[in-house]
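Here is a short report on one structure. Take a look at the sequence and the model before reading on.

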Number of protein chains: 2
Amino acid sequence: MTSTAPLPPEELLRGAGLRVTATRTAALHALEETRHATADDVLGSVRARLGTVSVQAVYDVLHALTDAGLLRRIEPAGHPARYERRTGDNHHHVVCRSCGAIGDVDCAVGHAPCLTPSDDNGFAVETAEVTYWGLCPRCR
Amino acid sequence: MTSTAPLPPEELLRGAGLRVTATRTAALHALEETRHATADDVLGSVRARLGTVSVQAVYDVLHALTDAGLLRRIEPAGHPARYERRTGDNHHHVVCRSCGAIGDVDCAVGHAPCLTPSDDNGFAVETAEVTYWGLCPRCR
DNA sequence: CCCGCTCACTGGAATGATTCCAGATCAGCG
DNA sequence: CGCTGATCTGGAATCATTCCAGTGAGCGGG
């Protein structure tokens with residue numbers, strides 16, 4: 001890839017006009033190590049780093065960063081939501097039916113393949129999302 | 001289409017090797033009127049038809065019918081699951097970001113467009129699912 | 001036509017992810 | 001260095017869905 005943002009968390013936060021707090025930088029660090037982490041994973045990582053941190057602090061942080069465009073939220077049906085730092089490029093995901101693990105998938109057909117529905121039912125369509133379902137290497 | 005099954009609910013159930021019960025036929029009727037109904041919608045319809053019906057009865061029925069292939073379950077992130085009777089053809093959906101309403105979308109590119117991911121990360125990919133997000137006519 | 005073996009349904013309680021609330025605390029501008 | 005509003009704490013609440021144990025109803029065999 002070209003660049004997976006080697007920018008330190010602090011810079012990212014400042015650049016997005018957000019305050020720099022311990023919880024936020026810790027959350028970004030956690031997501032640098034574990035791409036596609038659940039809120040709970042992040043909570044664990046942040047606590048390991050900082051000690052006592054409340055559940056809400058983490059949810060607030062994840063929401064704030066998602067709204068600011070620093071994170072992308074993925075919500076696979078039947079599994080808790082996960083967050084990733086790869087934003088901007090519209091890539092897709094493979095989700096493991098069994099454990100919920102997620103892998104990145106760059107769009108196979110280059111650009112927006114079936115992105116324009118044949119009949120939009122009067123909906124104002126904004127985005128198309130592709131999810132691949134299968135089994136991860138470990139669960140096979 | 002060839003046939004959207006004008007078969008009565010009883011036949012469908014029997015054909016799938018399932019017992020014919022009031023709750024099940026009522027649920028199928030409900031989903032004939034309201035395509036893309038939530039479990040709660042179905043519960044309401046079924047109760048209007050039969051009187052007292054427990055929450056679990058409906059969930060059980062929806063699961064049984066889904067497992068039997070008579071229903072398809074749709075789980076849009078952030079909204080309760082919905083069920084539909086159009087199964088077999090692999091069509092996709094438009095989901096309203098605001099109210100969760102759903103519309104059918106036949107695959108624009110005929111067959112499996114970006115169905116083969118460029119890099120499957122070692123996953124055994126089984127299906128690809130496309131979801132369009134936007135605003136329904138009413139919410140615009 | 002009746003019997004019994006399952007599977008279906010009832011009602012109530014539990015789960016798990018996420019959110020709401022009210023108050024204490026901290027980042028960083030002026 | 002003090003303010004002000006954003007952030008964090010802890011606990012309770014919400015919502016969709018599931019688990020559990022007991023009662024009741026389909027339907028195939030006798």
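In this predicted model, A:C96 touches a residue of the other chain, B:F123. Its contacts in chain A, beyond residues up to four places away in sequence, are A:H79, A:A101, A:G134, A:L135, A:C136 and A:C139. A:C96 sits in strand β4 of chain A, residues 92–96. It is buried, with a relative accessible area of 0%.

A:C99 lies in the loop between β4 and β5 of chain A. Apart from neighbours within four places in sequence, A:C99 is in contact with A:H79, A:R82, A:C136 and A:C139.

Which residues does UniProt list for "binding site"? The unreviewed entry gives A:C96, A:C99, A:C136 and A:C139. They span 44 residues in sequence, yet no two of their C-alpha atoms are more than 8.1 Å apart, so they gather at one spot.

Now the sheet. Six strands form an open sheet with mixed pairing. Their order is β5(A)-β4(A)-β6(A)-β6(B)-β4(B)-β5(B). The edge strands are β5 of chain A and β5 of chain B, and each pairs on one side only. From one strand to the next, the twist averages 30°.

In chain B, strands β4 (residues 92–96) and β6 (residues 124–135) run parallel and are joined by four bridges. B:H93 has B:T131 as its bridge partner in β6(B).

Terms used:
Residues are numbered from 1 along each chain as its sequence is written. Chains are lettered from A and ligands numbered from 1 in the order in which they are written. This is a predicted model: local features need pLDDT of at least 70, side-chain atom pairs count only at pLDDT 80 or more; totals for chains, interfaces and linings use all residues. Side-chain values use heavy atoms; hydrogens and water are left out. UniProt positions are given in the numbering used here, feature names are shortened, and annotations may be inferred rather than shown by experiment. Helices (H or I, at least four residues) and strands (E, at least two) are DSSP runs, numbered from the N terminus. Buried means under 20% relative accessible area, exposed over 50%, partly exposed in between (1.4 Å probe, protein chains only). Contact means heavy atoms within 4.5 Å. Two strands pair if DSSP finds at least two bridges between them. Axes are lines fitted to C-alpha atoms, for helices over the stretch in contact, and angles run from 0 to 180 degrees between N-to-C directions.
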